[in-house]
Amino acid sequence: MAATTSALAVQLHGAGLRHAAVRALDGVSLAIRQGERVAIIGPSGAGKSSLLHLMASAVPPSSGSLHVLGEQPWALSARARQRLRAQVGLVHQAPPLPPRQRVVTAVLAGRLGQWGVLRGLFNLLYPSDISGARRVLAELGLADKLFVQCGQLSGGQLQRVGIARALYQQPRLLLADEPVSAMDPVLADHSLALLNRHAQANGVTLVASLHAVELALAHFPRVIGIRDGHVLFDCPAEAVSEQLLNDLYANEHLAPAPDQPAPFSVQMPRC
Amino acid sequence: MLKADARDPALLPRLLLGLLALVVLWPGIQLSELNPSVLLQAENRQQIASFTAAFWPPTHDVQFMALLLDATLQTLAVATAGMALALLLAAPAALMASRALSLRAASSNGRGAGWSRWVRMPVRGVLIFLRSVPEIVWALLFVRAVGLGPTAGVLAIAITYSGMLGKVYAEIFESVDQRPAHALLHAGAGRLSAFFYGILPNAAAEVVSYTVYRWECAIRASVVMGFVGAGGLGQQIDLSMRMFAGAEVASMLLTFLVLVMLADGFSRLLRWRLT
């Protein structure tokens with residue numbers, strides 16, 4: 001039993017999540033092995049972000065169980081949970097970076113969980129690993145922005161800084177919430193390829209939610225479709241058929257025939 | 001009366017509110033024994049006139065200027081030393097009193113509670129106590145304890161201002177965008193690290209500008225405390241007033257004006273650099 005759970009990066013069993021009265025996830029069960037690369041797709045508001053935040057142990061599940069890297073984060077003490085979280089990186093869709101913080105500081109902040117408080121404070125006075133930050137930014141084509149303030153970057157550049165921070169963190173489980181939504185197609189492709197290359201080279205588990213289905217199918221061996229807080233399908237990328245995708249996005253194609261009053265389920269777009 | 005088509009429906013509520021304000025204010029004026037007509041009585045008018053007439057020209061002989069410089073420097077020193085001590089106390093207190101660093105709030109969309117409240121509440125209570133006693137009272141107390149001189153002023157400012165700074169800092173930390181700090185907490189960072197990387201960059205401008213404003217207030221407060229024997233400009237103004245030396249009072253008030261203007265310019269410069 002212990003051996004099987006430790007080989008799993010994430011395990012959810014009947015997990016649900018509520019925000020106040022809104023049900024974001026309901027009875028989600030899935031297992032992701034260490035080193036797997038998984039894409040999560042689904043319509044807006046289906047619960048993709050909620051699922052990733054759950055896996056990042058940013059929020060506790062309202063029901064069901066959650067194992068991350070073989071541990072139950074919400075059964076741990078606060079200190080042990082912080083140690084576990086330091087091994088999990090989350091790329092945010094709109095990276096929450098203070099506008100006046102320099103890019104180098106924002107990237108180096110990825111390792112605050114591994115550094116002690118003193119090293120973190122010293123790092124504010126003088127960046128302790130400029131070459132490390134430059135290396136990871138260079139892979140994303142941002143080496144020249146090292147000493148620029150985050151507030152001066154575009155949305156796509158900020159997203160890449162967010163990716164750079166998560167890569168610099170060197171987590172065992174790398175989660176990405178719409179990591180390329182503000183990038184042009186070429187950049188998006190490049191950034192996703194980089195994330196996958198990094199994950200494969202270091203045996204890191206990678207889970208990313210994506211709006212663009214073709215990117216998910218092109219870059220990830222396994223695809224999970226989420227709809228209304230449920231897992232609709234969970235299969236290898238080759239097995240994702242036109243029919244599955246139509247079912248997944250059904251209500252998104254707003255083409256109701258005039259004679260047929262479509263069962264219009266209201267979907268709140270998040271963000 | 002206005003014609004029906006030109007009537008503002010908000011007129012009546014506004015009139016009533018105005019009346020209500022008068023009704024509330026009147027007892028206040030009575031209680032504070034405010035009676036402006038006293039100012040217009042003949043002998044009082046003459047007193048004020050002769051005192052203010054002596055204001056011009058302000059005293060500017062070398063001996064007095066040396067005295068003035070000395071007193072000004074002492075006032076500045078009292079205010080600055082008091083603020084420095086207050087900061088030593090206020091910074092950790094603000095961190096403890098603020099909800100911004102609650103791990104629990106970070107994973108429940110800001111609804112933080114739990115045992116950490118039992119740290120925040122007492123700290124908040126201490127801060128309230130520190131600032132609820134006016135600095136002049138502390139000054140009178142310390143003048144008795146440590147004797148006449150600037151030390152009493154420094155201690156009085158340190159105590160009162162640590163209460164004010166701690167409270168306002170804590171609120172500034174809570175009012176800025178919490179997402180950067182939450183993201184860091186969720187990536188395993190400690191709370192102090194999350195504060196310095198996630199909260200402080202957004203709060204710095206506000207914190208600095210409030211601190212400089214408080215420093216300006218501390219200069220004023222140290223002048224007032226001079227009247228009860230805590231040294232500096234205040235003590236000089238007190239002496240000159242007692243001797244009806246209006247010209248000396250005038251040059252000291254001018255010095256005072258310059259000090260406040262400098263503080264204002266300094267604050268503006270810092271704000272401009274930080275935003």
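In this predicted model, the loop that joins helix 2 and strand 4 (63-68) of chain A contains A:Ser57. The phi angle of A:Ser57 is near 50 degrees, a positive value in a residue other than glycine. Most residues other than glycine have a negative phi. Is A:Ser57 buried or exposed? It counts as buried, because 26 C-beta neighbours lie inside 10 Å, and the cut-off for a buried residue is 20 or more.

A second case is found in chain B. B:Phe244 also is not a glycine and has a positive phi, of about 50 degrees. Its place is the loop between helix 10 (232-242) and helix 11 (246-274) of chain B. B:Phe244 has 12 C-beta neighbours inside 10 Å and therefore counts as exposed, since the limit for that class is 12 or fewer.

We return to chain A and its sheet. Six strands of chain A form an open sheet with mixed pairing, in the order 5-6-7-3-8-9. Strands of a sheet pair through backbone hydrogen bonds, either parallel or antiparallel. Why is one side of strand 5 (88-91) and of strand 9 (230-236) of chain A left without a neighbour in the sheet? These two strands stand at the edges, and each has a single partner strand, so one side of each has no neighbour there. From one strand to the next, the twist averages 15 degrees. Within strand 9 of chain A, A:Cys235 is the bridge partner of A:Val223.

Helices of chain A accompany this sheet. Helix 2 (residues 48-55) of chain A lies across strand 3 (37-41), strand 5, strand 6 (173-177), strand 7 (205-209) and strand 8 of chain A, and runs at about 155 degrees to strand 7 of chain A. Helix 7 (residues 155-169) of chain A packs on the sheet as well, where it touches strand 5 and strand 6 of chain A. The direction of helix 7 of chain A makes about 175 degrees with that of strand 5 of chain A.

In chain B, a pair of helices deserves attention. Helix 9 (residues 191-226) and helix 11 of chain B pack at an angle of about 170 degrees, their axes 9 Å apart. The two helices are therefore roughly antiparallel to each other, as angles over 145 degrees are classed in this way. Among the residues that meet are B:Val208, B:Val212 and B:Trp215 in helix 9 of chain B, and B:Phe256, B:Leu259 and B:Phe266 in helix 11 of chain B. The residues of this contact divide into 15 nonpolar, two polar and two charged.

How values were computed:
Residues numbered from 1 in each chain as written. Chains lettered and ligands numbered in written order. Predicted model: local features only at pLDDT ≥ 70, side-chain atom pairs only at ≥ 80, totals over all residues. Pairing = 2+ DSSP bridges. Helix = DSSP H or I, 4+ residues; strand = E, 2+ residues; numbered from the N terminus. Axes fitted to C-alpha atoms, helices over the stretch in contact; angles between N-to-C directions. Contact = placed C-beta atoms within 7 Å. Parallel < 35°, antiparallel > 145°, perpendicular 65-115°, else oblique. Nonpolar A, V, L, I, M, F, W, Y, C, P; charged D, E, K, R; others polar.
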